Amino acid sequence: LPISVHADGLPKEPRGTIEAHGDLDGAPLQLDVALERAAGDTLHAIIRHADWKSAHLEGDVTSGAEVARTQGNLQLRMGQLGDLDKLLGSTIRGSVTGNVKLTPAPGQSRAQIDLEAHDVVAGGVTTNAKLAAVGPMNALDIQLDADSPAVAGEPASVTGKASLNTTQQQLQLVVLEAKYHGQTVKLLAPATISFADGLSIGALK
């Protein structure tokens with residue numbers, strides 16, 4: 001993967017660019033990032049573009065010694081999930097778009113994440129889904145809504161709400177409800193999933 005690095009302003013105000021051009025799974029992979037040292041010993045990165053097949057990433061992120069104070073925006077999209085077939089060893093169709101926004105807040109950064117999956121087909125089932133997450137990284141509120149027009153010939157939907165604590169590496173399921181074939185299955189009480197040391201699920205009912 002050929003990489004070109006250009007830097008100037010050394011040593012007091014370093015800034016530069018990173019460009020990479022290569023090949024992944026038979027398709028061009030291109031990366032163009034600008035870097036500069038900002039105020040307060042922070043690093044400012046501008047991702048002008050990162051492209052591979054139908055995948056595209058761009059954004060603007062500033063971070064420093066205190067990762068909790070990271071701020072910026074990222075936008076991503078993949079127009080054809082089928083581009084991943086060879087890498088995943090499976091067949092999948094559909095598209096994904098997403099936005100991530102990080103803003104400084106007392107204690108740590110506050111995140112706002114929005115992801116959408118459209119007409120995703122896997123295992124013969126078509127699904128559309130939306131995931132939204134907002135809050136500090138030790139209390140990120142997550143909302144998931146997914147539906148399929150036909151699972152074995154019947155429509156199905158899943159709704160979920162959870163709270164993610166990345167510090168304690170825990171996910172608390174607050175709401176989980178699935179509807180299928182005229183039946184509704186739901187979580188009766190909050191349940192905690194811990195992934196700090198392996199995977200454990202507590203109080204699931």
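Student: Is Asp32 buried or exposed?

Tutor: Burial is read from relative accessible area: buried means under 20%, exposed over 50%, and partly exposed in between (1.4 Å probe, protein chains only). Asp32 has a relative accessible area of 13% and is buried. This is a predicted model, where local features need pLDDT of at least 70, side-chain atom pairs count only at pLDDT 80 or more, and totals for chains, interfaces and linings use all residues. Residues are numbered from 1 along each chain as its sequence is written, and side-chain values use heavy atoms, with hydrogens and water left out.

Student: Which side chain meets Asp32 in a salt bridge?

Tutor: Side chains of opposite charge can pair when their charged atoms come close. The criterion is a side-chain nitrogen of Lys or Arg within 4 Å of a carboxyl oxygen of Asp or Glu. Asp32 pairs with Arg48 at 3.3 Å, N to O. The two sit 16 residues apart, Asp32 in strand S3 and Arg48 in strand S4 (strands are DSSP runs of E, at least two residues, numbered from the N terminus). Arg48 is partly exposed at 45%.

Student: How many salt bridges are in the whole structure?

Tutor: The search finds five. Among them is Lys53 with Asp25, at 3.0 Å, N to O. Lys53 lies in the loop between strands S4 and S5 and Asp25 in the loop between S2 and S3, so the pair ties together parts 28 residues apart in sequence. Lys53 is partly exposed at 37%, as is Asp25 at 26%.

Student: What links Glu177, Lys179 and Lys186?

Tutor: A network of salt bridges links these three residues.

Definitions and conventions: Helices (H or I, at least four residues) and strands (E, at least two) are DSSP runs, numbered from the N terminus.
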